[in-house]
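Please load the model in a viewer and keep the selection panel at hand.

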Amino acid sequence: MKSCLAPLDAATDRMVARTMDWCAINSGTDNLEGIRRTADLIIPEFEAIGLTSEEQAPAPVTHVSDGGEVIEIPRAGAFVLSNRPQANRRILMTGHLDTVFPKDHHFQKIVDRGDGTLHGPGCADMKGGICVMLEAITVFEKTPYAEHVGIDVVLNADEETGSHASAHVLADKARSADIGMVFEPALPDGTLAGARAGSGHYTFTVKGLAAHAGREFDKGRNAIVGAAHVIAAVNALNGQRENTTMNIGVITGGVATNVVPDTCVVRMNARGRSPADLQWVDEQVRNIVASQNFGQDIEVSLHGGIHRPVKTNTGGTLALFELVKAAGADLGLEIGWQATGGCCDGNNLADAGLPNVDTLGVRGGNIHSDKEFAVIESFSERAKLACLVMLMLASGACPWPERLKGN
Ligand SMILES: [Zn+2]
């Protein structure tokens with residue numbers, strides 16, 4: 001089977017060139033035009049290897065503005081690329097077109113540093129990963145084993161903000177697949193992410209009453225002071241339950257020191273390591289808001305909730321890890337994995353019952369920063385790894401992992 005992978009020995013230059021072309025276009029999650037241009041480069045590459053493409057509309061996504069208004073934010077749709085719809089075994093492969101770098105961010109250029117790494121926005125997270133996926137499918141499709149397996153690729157465009165607009169597409173495809181392969185970057189040494197924390201975003205909108213701070217101070221109801229009570233109550237949850245964290249990350253409010261502020265917006269991210277942890281967080285937060293105990297005439301409303309369910313490394317997912325490890329050993333790679341507090345679309349796939357390994361992209365690091373890099377030798381290395389995993393399952397050499405229980 002390994003002999004099928006030979007074409008990938010000479011793939012590095014092509015993969016690097018492609019990734020550099022893709023990374024040269026800004027595709028920050030809010031840059032819909034840049035995402036469109038990126039998709040216009042990437043989608044035809046998948047169509048050229050026989051996948052048919054369909055664009056799925058984004059689900060409506062709302063956000064609380066700094067002024068406390070709930071507004072809809074425009075999001076790009078997700079692309080679904082598929083072949084062999086009749087196949088009774090299906091592999092779901094996912095990647096995201098967006099990056100964390102907005103159009104006006106200073107980090108826009110990709111360069112080959114000449115030291116065996118690329119340095120540029122999205123080279124690891126995860127345009128390099130989409131390139132790995134593309135090459136793995138290309139080689140897989142040329143083997144006789146491909147005819148028994150259907151492939152679905154989901155390329156979404158809002159992963160970096162939590163996949164709110166594309167979660168329905170991921171869940172839909174995850175329900176009809178046997179395994180999931182997500183092409184987020186591996187650590188520089190090749191270690192994969194195992195169990196993943198779950199995450200929730202919460203926005204507290206605190207409303208009071210504006211007044212002149214000198215003339216009518218007593219008529220004012222200070223929303224920032226109200227927010228301070230909210231923050232204290234939420235922050236007090238830290239330390240009450242192991243493996244849960246509540247991070248008050250952003251606060252906005254007030255216009256001038258001589259005005260009693262009528263609005264304050266507080267944004268918080270929560271993490272938990274088990275479904276029960278997340279449920280506890282969610283209940284506690286809702287109870288705090290329900291108490292409305294933040295000062296006279298202060299009203300607090302809540303927006304948001306859990307958006308990334310916890311991913312455990314058990315059952316079919318663990319079986320799939322073992323398979324990836326065996327494929328790696330066959331290729332002379334030692335594959336380990338470790339738990340992480342980060343989240344990705346692998347969380348969503350697991351929640352829909354799909355065993356998945358979610359760091360099958362290039363090896364790289366410093367992601368989400370202007371020091372992001374990808375290791376060049378890992379491009380063909382990881383394409384071989386992904387393709388070999390597909391071949392081991394499609395050929396019957398290894399059993400398909402069971403879908404996750406309770407889903
Ligand atoms: Zn990513």
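How many helices and strands does the secondary structure of the chain come to? The chain has nine helices and 20 strands, where helices (H or I, at least four residues) and strands (E, at least two) are DSSP runs numbered from the N terminus. The radius of gyration is 23 Å, close to the 22 Å that the globule rule gives for 407 residues, so the chain is as compact as a globular protein of that length. That radius is taken over C-alpha atoms, and the globule rule is 2.2 Å times the number of residues to the power 0.38.

The model is predicted: local features need pLDDT of at least 70, side-chain atom pairs count only at pLDDT 80 or more, and totals for chains, interfaces and linings use all residues. Residues are numbered from 1 along each chain as its sequence is written, and side-chain values use heavy atoms, with hydrogens and water left out.

**The whole chain**

Colour next by accessibility: buried residues make up 54% of the 407 residues. Buried means under 20% relative accessible area, exposed over 50%, and partly exposed in between (1.4 Å probe, protein chains only).

Of the contacts with a separation of 6 or more, 80% are between residues 24 or more positions apart, contact meaning heavy atoms within 4.5 Å.

Charged side chains number 35 positive and 49 negative, and the centres of the two sets lie 1 Å apart. Lys and Arg count as positive and Asp and Glu as negative, while His and the chain ends are not counted. Each charge is placed at NZ of Lys, CZ of Arg, CG of Asp or CD of Glu.

**The nonpolar cores**

Select Phe46, Met93, Val153, Leu155 and Met181. Within the largest nonpolar core, of 70 residues, these five touch the most other members. A nonpolar core is a set of buried Ala, Val, Leu, Ile, Met, Phe, Trp, Tyr and Cys residues joined through side-chain atoms within 4.5 Å. Helix α9 (residues 378-394) gives this core its largest share, 12 residues. Another core, of 21 residues, lies apart from it and includes Ala227, Val230, Val281 and Phe294.

Return to Met181 and display its surroundings. Beyond neighbours within four places in sequence, Met181 is in contact with residues including Ile91, Met93, Val357, Leu360, Ala386 and Met390.

Helix α4 (residues 167-175) is the next selection. Its buried residues are Val169, Leu170, Ala171, Lys173 and Ala174, and they pack against β1 (52-56), β4, β5, β8 (149-156) and α8 (345-351).

**Loops and backbone**

Is Asn83 buried or exposed? Asn83, in the loop between β4 (78-82) and β5 (89-96), is buried, with a relative accessible area of 6%. Leaving aside neighbours within four places in sequence, its contacts include Gly50, Leu51, Arg90, Glu141 and Ile151.

Move to the peptide bond from Asp125 to Met126, which is cis, with omega near -10 degrees. Met126 lies in the loop between β7 (117-119) and α3 (127-141).

Gln292 is in the loop between α6 (275-291) and β16 (299-308), and its phi is near 50 degrees, a positive value in a residue other than glycine. Gln292 is partly exposed at 32%, whereas Asn293 counts as exposed at 62% relative accessibility.

His368 also has a positive phi, near 65 degrees. This residue lies in the loop between β19 (364-365) and β20 (373-375) and is partly exposed, with a relative accessible area of 44%.

**Last stops**

Glu242, in the loop between α5 (223-235) and β13 (244-253), counts as exposed at 67% relative accessibility. Draw a C-alpha distance from Glu242 to Asp277: the two are 35 residues apart in sequence and 8.3 Å apart in space.

Finish in strand β13 with Val250, partly exposed at 41%. Not counting residues up to four places away in sequence, Val250 touches Val265, Val266 and Arg267.
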